Amino acid sequence: MSKLNTLSFNIKAALCITGLGLSHFATAADEGNEQVERIQVTGSKIKRIGDLSPTPVTVITGDAMVNAGITNAAELLSEMPSATVGLSPETTNDNVFANGLSNTDLRGLGAERTLVLVNGRRFIAGAPGSSAVDLNNIPTAMIERMEISTGGASAVYGSDAVAGVVNIITKKSFQGFEFDASTSQPQQDGGEESYVSFTFGNEGEKASFVTNISYSDSKQLRGDQRDFIRNGVISLDHPDNLNDEDGIPRRIIYDQTGSTTLGFYSPTGDFFTSDGHYIFADDGSIRPFASGEYLPASSTPGSRNTQYYVGNEGDGYHFLNHKYVRTPLERLNLSSNVNYAFSDAHSMAFELTYSNTHAYGESSPAFHTLSGMRTDNAFFSDETKQFFSDRDMDTYTAYITTDALGNRVYDQKRQLIQGVLSFEGEITDNWFYSAYVQRGSVQADTTWHGEMLVDNFNKSLDAVEIDGDIVCADRSRDEVTAREGCVPLNIWGTGLASQEALDYVKTDATRRATVDQTTYGVTFSGDLFELEAGPIATAFTIEHRKEASSTLPDPAMRKGLIFNNQSEALSGSFDVSEAAAEFSIPLVVDASFADEIFLEAAYRYMDYSSTGTDDAWKLSFNYVLNDDIRFRINKSKSVRAPNINELYQARSETFKSFDDPCEQGQIDNAGEYKENITNNCRSQGIPEGWVPSEDWKRTNHSGFNLGNINLENESAHDLTVGVIYTPSFVDGLSITLDYWEFDLEDMIRTPKAKTVIESCYEFESTDNPYCPLIYRNKDTFEIDSYDLKPINSASNSIAGTDMEVTYSFDTTFGSFRMNMLATYMSKNDENLTGKEADKRNAAGEYTDPRWKARFTTNYTYENLQVNLIGAYRHSTVWSNDWVAEDNNYNDISSYTKWDLTARYNITDGLQVRGGMLNVFDRTPPRHPSLYDDGEYFDLNGRTFTLGVNYKF
């Protein structure tokens, strides 16, 4: 087999396995000429002559994104079988600082372990303290293609590339003007989207440019806008369950479905007396509390069934009224790429990205349990005062949501600007250089609406009448006087509070945050020397990167004056210098047993200011048997350095409830860890029979959230073994199989307080990551405080197989192209604490289904293209540790969603498109915890899309 034929095979194989419609790889050769342009593929910095990547790469074209009817890269990535959702508008409504962020998560190992590149270079993180890229900042119209390389790539790209790399390649030039607009309308109200884009550019002899301006608006989706959420699934403690050995599950799905109401916490305030449950009416009078039928009582200790009833008509807190399942998101993107060729051998490029996004999360007004409320409140009518007097009540405890202050809204405004100046060219016929400098900055401003000044609120509730005026009471003296500067607040009804009182209590809290990234580097690539089988291709890279992040909450937040939102300032940074080398070594060519065999090796040395030195490496072996079959094996070590939040999170107080493992009663019932706990408690001087005081037992215990400057890098070893089959007897067919496995160690995780306290004593000795986080009183032995900070405690071992089948053929009535991407997860052994007994298999649970797949069929006839796309999740269970005593709803059904889209070219410049997403209106599984889940399932329901594109 000649070198030219081998090259031809490699190019064809690359095209066959690219998955979702890569129209071409960059090859430029005159017919009959063996000189082919060298290109760089994701997963390597070696410029290759059309070679196939040594690691699995799936390619998604920008055209395929249009076919899918989406306007955000994150939406399509979330449906890839090798990935799952990171943060998204469907998962961030309740995340105060992350509303609207969109990122991707390869292998489900965490978005911070997926490296996102733009044109082969790191992109700035989307949120302060994080390393995860916000894909909202990358305009869809500028995407030429996305290349997804699953497998450790730290040896090539550095930290964060543990699970793999998503490399987004943008358009470099454009000739003319393009207008694109689309709209997406769900069949039910809510979740509408609109999009408009302008692209223009020019391709000159030496200079070219492309600029895009795009705007998208995704509306909020509330729970009450979807029938399958309004008619929710209710679970409850089984009314007949007695214990864990009676054969009756603790939890069951109740046979009545619908929205659920909590039988207290009303907008006007409700309370209990000796003769019943009452509520303040809208006008401030008192009436009996109204409710629907409460859920049946249970004999299960601690059951709360009787606190809830089904329906949305009575009093109390109606969950459906404040259920928000998708954060609204507005995006304005500006992107421009300018290229200038100094000569045929040397060129310069400048890339500018600007993004402005706006999102907000929304939740109910704050919940308050107000004890010690006086019954002689000056706002009360004589009838109300008499009501309390008849019951000999001087005070009462009210349960109220402060609707007078409005919903709590967490408003996020983010701006990103990033510029890249790069140079590349030829040193000789076989040696090339590329150099760049990049600077990026993000500013994120958060505003909390509907918040309150806690001290002012508490003072304003005690209203008395003095000299004919209703004022706030000052009871610090023998005689009650008016509290200076305080405005009394009447929340015992609807619309009864004065604006002056609301202004005294209400406030907006703010936080400004920044992210700054500076990177620069240079790569030299070329052929070292010639072997019998061909030249050794190499690439040598030197890079430097500095990351900095800061947050500055307003003074009221720093002082803890805002309800439930104390926050300290953060300022942190690190830098890293790196050197890397890659080698591609041809071992055999045109032999009887192989057309080609070559070895790939890469090594990267990293020096972090935060964690010191580390390294990563990669070895790949590629074996081309013939035109039909190719094998590859890849083994690598990757690392992830801790991000700024993990290192430098500001200290903030928290309160948690837990038992002390060293209490004698806890030791007596400790089970399998009894010996370890006993020995560890005694080693700390805690005597046999010791018990903490009753005061300690009755209180929540103070601790602190903070970063950990002593963190070490995570490490991962991965293995990929694959085969590519492109049978010559079937034109257009390609089959790829890749087995993969990852072993991650020293994973960074922030444990819960209960985990910290228990794990310290359950290890064989106190020499473990948890005991240094606990501070005991030397005299009483009671736990005075604890730290909740990230530690290198977790590990994970996962394995599976990726499959891809592509088949295309032409007929007299059109062309067909079919593709299937599928992933089978065979193992997901996670250990969050580091204790061997805590190791468990999560494969097959709802977060990690055994099978995920995506099917695509494209049909083209003249000016018409029709696309049918299916996304599949295999049936799962809620927990692999389930036993029949747990519940009767562990099984979760499979889920398949089909999209049908089409586009038609009316003229050479005018195209219209339309489609129906979720054709069969597939809703999430009817499971108590998943029926409203937007992370893994579609909440929009059947949705209609319409778009137009015009070029000239």
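The mean positions of the 78 positive and 137 negative charges of the protein chain lie 2 Å apart. Here Lys and Arg count as positive and Asp and Glu as negative, with His and the chain ends not counted; each charge is placed at NZ of Lys, CZ of Arg, CG of Asp or CD of Glu. This is a predicted model, in which local features need pLDDT of at least 70 and side-chain atom pairs count only at pLDDT 80 or more, while totals for chains, interfaces and linings use all residues. Residues are numbered from 1 along each chain as its sequence is written, and side-chain values use heavy atoms, leaving out hydrogens and water.

The protein chain has 14 helices and 54 strands, assigned as DSSP runs (helices H or I, at least four residues; strands E, at least two) and numbered from the N terminus. Its radius of gyration is 31 Å, close to the 30 Å that the globule rule gives for 952 residues, so the chain is as compact as a globular protein of that length. That radius is taken over C-alpha atoms, and the rule is 2.2 Å times the number of residues to the power 0.38. Along the principal axes, the C-alpha atoms fill a box of roughly 105 × 70 × 55 Å.

Buried residues make up 55% of the 952 residues, where buried means under 20% relative accessible area, exposed over 50%, and partly exposed in between (1.4 Å probe, protein chains only). Of the contacts (heavy atoms within 4.5 Å) between residues at least 6 apart in sequence, 70% join residues at least 24 apart.

Helix α14 (residues 753-762) is mostly covered, with eight of its ten residues buried. Among them are V756, I757 and Y761. The cover over the buried residues of α14 includes the strands β39 (652-656), β42 (733-749), β43 (774-776) and β44 (783-788), as well as helix α12 (674-683).

The whole structure holds 48 salt bridges, a salt bridge being a side-chain nitrogen of Lys or Arg within 4 Å of a carboxyl oxygen of Asp or Glu. R545 and E547 form one at 3.0 Å, N to O. R545 is buried at 4% relative accessibility, and E547 is buried at 10%. D376 and R374 form another, with their closest N and O atoms 3.2 Å apart; D376 is partly exposed at 38%, and R374 is partly exposed at 33%.

In helix α13 (residues 694-698), E694 and K697 are three residues apart, which means about one helical turn separates them. Their side chains meet in a salt bridge at 3.9 Å, N to O. Finally, E112, R113, R640, E646 and E714 are linked in a network of salt bridges.
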